[in-house]
Amino acid sequence: MGERHEMRWGGLAGIAAVVFAAVGRIVLGRMPRLTDPAGVVTMYLATHRAQIMWGTILYAIGIALFLWFGAALSTAFRRADEDSDAPTVVLAGFIVVSALAFMAFSAFAGMTYAMTEYRALLLFAPAPYATMTVLGTVGGVATALTFAAIAVAIARTHVFPRWMALFAGIVAVVRLLAAFTLGVTGGVLVPGGWLETYVPGILAALWILTASGLLIQEHVPALRMRAPRVMGPHRA
């Protein structure tokens, strides 16, 4: 596979990852928050078993595509600056985030299957559900560090425009701040709430879509010369 096509496919993988994740989230429906009564959690698991299974499969596909995108992104950074450690850190971040997400969704699906198969276990559903929610919030730290590494890599290699580095930095800060909601016990900032979940997620998705579009549009042709180049419209 030529390096132009490699970058193109990496960009397409990024777009597909966002699409699969968005559809997976829609399939899961309205998920309970940590502050919801135990009965709400139990009822959600009991009545959404099929949706949770399908949503998990969609997320698993999205995670694999997300890792593919991360590998292409890391390759673009490495070809632009072979002396930097930033591409390695970026790739490691994508691997860690993907592994945590895959394990979390797999455990959530397994928990749901077991508890709905053996209904007596539904009485204990709130405990593992809360554990999985907290795990997802803490996992946001790995996401924050990954985007921070991306910001550094862009600033060093100039593969993307400078505003993409700033955008990645904002995503990193917002995602890191969201992790501190673990100490909140009520309101919109509670872990699993819309503010803690959707705002960082939407910002990250927008960055991935933008980066994917640049990879597809430009195919990083200048990297064959090992010369840094800013992707985007050319200026006279």
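Is Arg49 buried, partly exposed or exposed, and what is its relative accessibility? In this predicted model, Arg49 counts as partly exposed, at 25% relative accessibility. This briefing covers the salt bridges and a nonpolar surface patch. The count of salt bridges comes to 2.

**Salt bridge between Arg49 and Glu117**

- Arg49 pairs with Glu117 in a salt bridge, and their closest N and O atoms are 3.1 Å apart.
- Arg49 belongs to helix H3 (residues 49–80) and Glu117 to helix H4 (residues 86–117), so the bridge ties together parts that are 68 residues apart in sequence.
- Glu117 has a relative accessible area of 42% and is partly exposed.

**Salt bridge between Asp81 and Arg156**

- A salt bridge joins the side chains of Asp81 and Arg156, with an N to O distance of 2.5 Å.
- This pair links distant parts of the chain, 75 residues apart: Asp81 sits in the loop between H3 and H4, and Arg156 in helix H5 (residues 126–157).
- Asp81 counts as buried because its relative accessibility is 15%, under the 20% cut-off.
- Arg156 is partly exposed, with a relative accessible area of 46%.

**Nonpolar surface patch**

- Val141, Leu145, Val173, Leu176, Leu177 and Phe180 make a nonpolar surface patch of about 590 Å².
- At least two residues of the patch come from each of H5 and helix H6 (162–179).
- The most is given by H6, which contributes 3 residues to the nonpolar patch.
- Leu177, one of the patch residues, lies in helix H6.
- Leu177 is exposed because its relative accessible area is 56%, over the 50% cut-off.

Key: Residues are numbered from 1 along each chain as its sequence is written. This is a predicted model: local features need pLDDT of at least 70, side-chain atom pairs count only at pLDDT 80 or more; totals for chains, interfaces and linings use all residues. Side-chain values use heavy atoms; hydrogens and water are left out. A salt bridge is a side-chain nitrogen of Lys or Arg within 4 Å of a carboxyl oxygen of Asp or Glu. Helices (H or I, at least four residues) and strands (E, at least two) are DSSP runs, numbered from the N terminus. Buried means under 20% relative accessible area, exposed over 50%, partly exposed in between (1.4 Å probe, protein chains only). Patches are made of residues with over 30% relative accessible area and no salt bridge: like charges are joined within 9 Å, nonpolar side chains (Val, Leu, Ile, Met, Phe, Trp, Tyr) within 5 Å. Accessible areas come from the Shrake-Rupley method with a 1.4 Å probe; for residues, only the protein chains shown count as cover.
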